[in-house]
Amino acid sequence: MKTYLDCIPCFFRQAIEASRIAGADEGTEKKIIDEIARVILGIKLTATPPEMGKTIHNLVKKLTGKEDPYKKVKEESTKEALKIYPEIRKKLESTGNRLLFAVELAIAGNIIDYGTKKSLNLQEELSKILQKEEKSIKKESEYLFNFRSFKNDVEKARNILYVADNVGETIFDRILIEEIKRVDPAKEIIYAVKEKPIINDALREDAISAGIDKFAEIISSGSDIPGTILSLCSKEFLECVERADLIISKGQGNFETLSVTGKPVYYLFMAKCAVVAKNVGSEIGDFILLKREV
């Protein structure tokens, strides 16, 4: 997805919030904003928003000396999500359509995103996941929620590549992976995380903390962009893309960047900004299960 002019104010907001999470003083924060302004002067609108996101967050890390500014945030996200995991599992056991509920939960977990929210009351947000009557989970038109084809493609696939997004929602990714493996333990599932810290995106240790390693093989995409651009990924990851019968892509950043030809790709995310919502034809806050096959 290209960068729109409406993305530019968001770049500055991300820079300010990341600076403060990293503990930057006012002088350092001003240097970060000045440098972002300089970079934006030369930005190409054909680039994806996550490419600028990488520039912003790498600059914050460089000027604050914090290699992983969101480390504490990520640990807390996993801790809080694990608290409600038993309750979610219990609800899953009693639901009529387990795969559908697991998909809904995986998308609902995408609310855990410090890249697009000014603040996040994690316990409050997570509690909404279990309360459908509050419409935290919404299935819109069949165009935006392609569950029927998703179910069929999952059943046929022998090798699934699951591209991760944020920490915390990894717990809900685990539930979907568990459900897929429950139906067919022979399926091979590869769970791809980031190589280096970028915002609160999942790393290998975060996936292990969430228990993903019990149900899937964890690999690194080789990238530290808040998305997945194949030209910036490792050979190992590209080989997994080639072998996969089906790709599950989590999060808005991956929707904005990941483009694969020759096989079904399902994008699972919540539309968190007006630009992305307009791009897919949804409203802000809609839950998306979108299939794209080129």
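Q: Which residues touch the most other members of the largest nonpolar core?
A: In soluble globular proteins, nonpolar side chains tend to be buried together. Here a nonpolar core is a set of buried Ala, Val, Leu, Ile, Met, Phe, Trp, Tyr and Cys residues joined through side-chain atoms within 4.5 Å. Buried means under 20% relative accessible area, exposed over 50%, partly exposed in between, with a 1.4 Å probe and protein chains only. In this predicted model, the largest core holds 46 residues, and Val103, Phe150, Leu176, Tyr191, Leu268 and Leu289 touch the most other members. Helix H5 (residues 98-108) gives the largest share of this core, nine residues. A second, separate core has 42 residues, including Leu144, Val163, Val265 and Val276.

Q: What conventions apply to this predicted model?
A: Local features need pLDDT of at least 70 and side-chain atom pairs count only at pLDDT 80 or more, while totals for chains, interfaces and linings use all residues. Residues are numbered from 1 along each chain as its sequence is written, and side-chain values use heavy atoms, with hydrogens and water left out.

Q: How many helices and strands does the chain have?
A: Helices (H or I, at least four residues) and strands (E, at least two) are DSSP runs, numbered from the N terminus. The chain has twelve helices and six strands. Of its 294 residues, 59% count as buried.

Q: Which residues is leucine 176 in contact with, leaving aside its neighbours within four places in sequence?
A: Contact means heavy atoms within 4.5 Å. With those neighbours within four places set aside, leucine 176 meets Leu99, Ala102, Val103, Ala106, Tyr162 and Leu268. Now the whole chain. Take contacts with a separation of 6 or more: residues 24 or more positions apart account for 70% of them.

Q: At what angle do H5 and helix H7 pack?
A: Two packed helices are described by the angle between their axes and the distance between the axes. Axes are lines fitted to C-alpha atoms, for helices over the stretch in contact, and angles run from 0 to 180 degrees between N-to-C directions. H5 and H7 (residues 147-156) pack at about 110°, with axes 11 Å apart. Angles under 35 degrees count as roughly parallel, over 145 as roughly antiparallel, 65 to 115 as roughly perpendicular and the rest as oblique. H5 and H7 are therefore roughly perpendicular. Leu99, Leu100 and Val103 of H5 meet Phe147, Phe150 and Lys151 of H7. By class, this contact has five nonpolar, no polar and one charged residues. (Ala, Val, Leu, Ile, Met, Phe, Trp, Tyr, Cys and Pro count as nonpolar, Asp, Glu, Lys and Arg as charged, and the others, Gly among them, as polar.)

Q: Is aspartate 153 buried or exposed?
A: Aspartate 153 sits in helix H7. Aspartate 153 is buried, with a relative accessible area of 10%. Beyond four places in sequence, aspartate 153 contacts Leu246, Pro264, Tyr266 and Lys291.

Q: What is the order of the strands in the open sheet?
A: Strands of a sheet pair through backbone hydrogen bonds, either parallel or antiparallel. Two strands pair if DSSP finds at least two bridges between them. This open sheet of six strands runs E3-E2-E1-E4-E5-E6, with mixed pairing. Strands E3 (217-220) and E6 (287-292) stand at the edges with a single partner strand each, so one side of each has no neighbour in the sheet. The twist averages 20° from one strand to the next.

Q: How many bridges join strand E1 to E2?
A: Five bridges join E1 (residues 159-163) to E2, and the two run parallel. Asparagine 159 has glutamate 188 as its bridge partner in E2. Five of the six residues of E2 (residues 188-193) are buried, so E2 is largely enclosed by the rest of the structure.

Q: Which strands does H7 lie across?
A: H7 lies across E1, E4 (246-250), E5 (265-270) and E6, at about 60° to E6. Helix H8 (residues 170-183) also packs on the sheet, touching E1, E2, E4 and E5. The direction of H8 makes about 170° with that of E2.

Q: Where is valine 265 found?
A: Valine 265 is in strand E5. At 0% relative accessibility, valine 265 counts as buried. Outside four places in sequence, valine 265 contacts Ile247, Ser249, Val260, Leu290, Lys291 and Arg292.
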